[in-house]
There are 2 protein chains.
Amino acid sequence: MLTEERQAAILALLEKQQVVKSKELVEQLDASESTVRRDLATLEAEGELIRIHGGAKKKYTIDEEEAMEDKTIKNVHDKRLIAKKAVSTVQDGETIYLDAGSTTYECIEFLAAKKVTVVTNGIPHAVALVEKGVNTILIGGQIKPKTKAVVGATASAQLEQYQFTDAFLGMNGIHSTYGLTTPDVEEAALKKTALQQANQSYVLADASKFDKVHFVRVCELDDAILVTTAGNPWIERLDLDDKTMIWEA
Amino acid sequence: MLTEERQAAILALLEKQQVVKSKELVEQLDASESTVRRDLATLEAEGELIRIHGGAKKKYTIDEEEAMEDKTIKNVHDKRLIAKKAVSTVQDGETIYLDAGSTTYECIEFLAAKKVTVVTNGIPHAVALVEKGVNTILIGGQIKPKTKAVVGATASAQLEQYQFTDAFLGMNGIHSTYGLTTPDVEEAALKKTALQQANQSYVLADASKFDKVHFVRVCELDDAILVTTAGNPWIERLDLDDKTMIWEA
DNA sequence: ATCATATCAATCAATAACAGTCAAAACCCT
DNA sequence: AGGGTTTTGACTGTTATTGATTGATATGAT
């Protein structure tokens with residue numbers, strides 16, 4: 001059996017098996033212990049798997065893989081900058097809507113320092129807020145499994161009961177013609193309601209969201225203040241006026 | 001079985017049941033007591049779980065502090081028995097209210113096997129339910145920081161919109177004269193509403209709750225079916241009729 | 001509070017898996 | 001076919017993991 005053939009077989013086995021024992025491989029591949037060990041060492045050096053005592057395991061479990069996605073250092077850093085800037089206008093005593101999403105999640109740390117009431121549809125957001133001692137109201141309704149966001153008719157109806165000083169919203173697409181868009185109909189409906197109920201709305205978005213268009217339009221560009229780290233090219237391109245707040249990274 | 005394999009199996013088991021016995025692991029993993037204990041020590045050092053006498057518990061259970069109180073092996077075992085018995089009457093297609101609390105949390109695993117809609121005021125409950133693919137509605141409102149339960153006027157109002165086939169409630173005190181009681185006024189109000197909206201209510205309580213009285217009375221003893229592992233002494237003492245369901249441990 | 005039991009941490013010897021080395025075998029090219 | 005390279009399998013000493021055993025500690029029942 002050829003070297004590459006063996007190594008491919010090892011990876012194939014790992015695809016469906018999570019872990020493989022060295023012994024097991026010695027039998028199945030009909031190779032010596034040394035050879036198997038060498039193969040494993042090679043594959044580990046190539047980043048194809050991780051060796052463990054007695055064999056090897058898959059490089060990433062599914063969970064870890066999803067956690068990796070889109071979570072580059074730069075993105076997180078930008079999100080924190082955006083969150084800090086957006087929250088900087090908040091005064092004590094205000095009532096705030098905090099949309100579900102990873103960028104808005106970064107706001108929590110900065111909101112915790114102020115005496116505010118926060119309404120949110122993000123379950124992780126609500127948990128983090130109460131743990132930091134913030135007066136928190138969680139919107140009720142159906143739960144979107146992937147994002148742990150509460151959505152649906154019940155949620156919208158409940159949201160209509162509240163009036164907000166500020167609303168902080170995440171957004172997936174920002175486009176000069178198509179405005180602000182998201183891929184999910186129900187999330188869009190909730191965002192629209194929040195916009196209506198808020199005295200002033202802020203949309204938090206890093207540069208990766210610009211020039212993207214998604215399925216549902218939430219509102220026009222000038223219905224909310226855009227908070228971002230994106231630079232001048234975008235300011236001109238989107239024809240943003242001074243109402244729009246830009247944070248130069 | 002490889003080290004990592006074993007440790008992954010331990011964590012997988014903990015994901016299902018809040019605690020595992022060392023003995024149980026020795027059998028299932030076919031490893032010595034020493035090895036199991038070493039694995040637990042390693043995983044604890046990595047912050048993957050918390051060791052308790054006789055085994056280990058999940059790191060972030062429902063509520064860190066409440067978990068400290070009574071996450072003994074025996075208590076959890078009883079709670080699982082109670083939960084299993086209580087849920088055994090549930091049929092496909094029913095709509096269920098699941099109260100916040102650690103005993104009701106144990107119901108989730110058994111509910112996941114059925115095609116039901118679950119309404120809950122427990123945030124950890126809601127998260128666990130959606131992750132198991134159960135159609136879940138979370139009640140909105142204020143959040144009680146300690147227990148991560150949603151309570152308050154908004155929550156009660158929202159709860160009144162729903163009708164339930166069964167309601168599964170936790171309870172802190174069970175007493176022949178004072179009935180069913182809890183320490184928190186707002187939680188009591190929500191439990192009362194749930195009782196009203198449910199066709200049949202079940203109160204899940206282990207032996208430690210008997211003969212205790214707390215601040216607020218929720219209802220009379222015979223307003224709900226009591227599901228417990230407590231034995232004969234209590235059945236007589238509380239003068240329970242056959243409407244009350246008892247599970248002999 | 002006290003005792004019987006179960007669980008614990010710590011230690012140790014036996015075993016299994018390890019990295020590194022080397023010579024034989026297989027491979028490749030001319 | 002022959003010289004050089006690569007790959008392989010056996011062997012070495014070293015290290016990691018394991019299960020049994022010890023006395024200490026915690027738990028539950030009386």
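This report covers the DNA contacts, the nonpolar cores and some local features of a predicted model.

## DNA strand C

The protein surface around DNA strand C is made of 16 residues. The closest are A:Arg37, A:Arg51, A:Gly54, B:Arg37 and B:Gly54.

B:Gly54 places a backbone N or O atom 2.7 Å from one. B:Arg51 brings a polar side-chain atom to 2.9 Å from a phosphate oxygen. For B:Ile52, a backbone N or O atom lies at 3.4 Å from a phosphate oxygen. The elements that give two or more residues to this surface are helix 2 (22–29) and strand 2 (49–52) of chain A, together with helix 2 (22–29) and strand 2 (49–52) of chain B.

## DNA strand D

DNA strand D has 15 residues around it. A:Arg6, A:Thr35, B:Arg6, B:Thr35 and B:Arg38 come nearest. Of the atoms of DNA strand D within 4 Å of the protein, 58% belong to sugar or phosphate, and the rest belong to bases. The surface near DNA strand D holds 10 polar, four charged and one nonpolar residue by class.

Both phosphate and base are contacted from chain B. An N or O atom in the side chain of B:Thr35 is 2.3 Å from a phosphate oxygen of DNA strand D. B:Arg38 instead puts a polar side-chain atom 2.6 Å from a base nitrogen. Helix 1 and helix 3 (33–45) of chain A each supply at least two residues of this surface, as do helix 1 (3–16) and helix 3 (33–45) of chain B.

## Nonpolar cores

The largest nonpolar core has 67 residues. Those with the most contacts inside it are A:Tyr97, A:Val119, A:Leu159, B:Tyr97, B:Val119 and B:Leu159. Beyond its neighbours within four places in sequence, A:Val119 is in contact with A:Ile96, A:Tyr97, A:Leu98, A:Ile137, A:Ile139, A:Leu159, A:Tyr162 and A:Phe164. A second, separate core has 22 residues, including B:Ile82, B:Ala83, B:Ile96 and B:Leu98.

B:Thr103 sits in helix 6 (residues 102–105) of chain B. Its relative accessible area is 4%, so B:Thr103 is buried. Leaving aside neighbours within four places in sequence, B:Thr103 is in contact with B:Lys79, B:Ile82, B:Ala83, B:Leu204 and B:Lys209.

## Positive phi values

Most residues other than glycine have a negative phi. A:Gln18 has a positive phi, near 70°. A:Gln18 lies in the loop between helix 1 (3–17) and strand 1 (19–21) of chain A. With a relative accessible area of 42%, A:Gln18 is partly exposed.

A:Asp211 also has a positive phi, about 70°. A:Asp211 lies in the loop between strand 12 (198–204) and strand 13 (216–219) of chain A. A:Asp211 is partly exposed, with a relative accessible area of 33%.

## Cysteines

The disulfide count over all chains is zero. A:Cys219 is buried, with a relative accessible area of 7%. B:Cys107 is buried too, at 0%.

Key
Residues are numbered from 1 along each chain as its sequence is written. Chains are lettered from A and ligands numbered from 1 in the order in which they are written. This is a predicted model: local features need pLDDT of at least 70, side-chain atom pairs count only at pLDDT 80 or more; totals for chains, interfaces and linings use all residues. Side-chain values use heavy atoms; hydrogens and water are left out. A residue is near a molecule or strand if one of its heavy atoms lies within 4 Å of it. A polar contact is a pair of N or O atoms within 3.5 Å; within protein, one must be able to donate a hydrogen and the other to accept it, and residues adjacent in sequence count only if both atoms are side-chain atoms. Helices (H or I, at least four residues) and strands (E, at least two) are DSSP runs, numbered from the N terminus. A nonpolar core is a set of buried Ala, Val, Leu, Ile, Met, Phe, Trp, Tyr and Cys residues joined through side-chain atoms within 4.5 Å. Buried means under 20% relative accessible area, exposed over 50%, partly exposed in between (1.4 Å probe, protein chains only). Contact means heavy atoms within 4.5 Å. A disulfide is a pair of cysteine sulfur atoms within 2.5 Å. Ala, Val, Leu, Ile, Met, Phe, Trp, Tyr, Cys and Pro count as nonpolar, Asp, Glu, Lys and Arg as charged, and the others, Gly among them, as polar.
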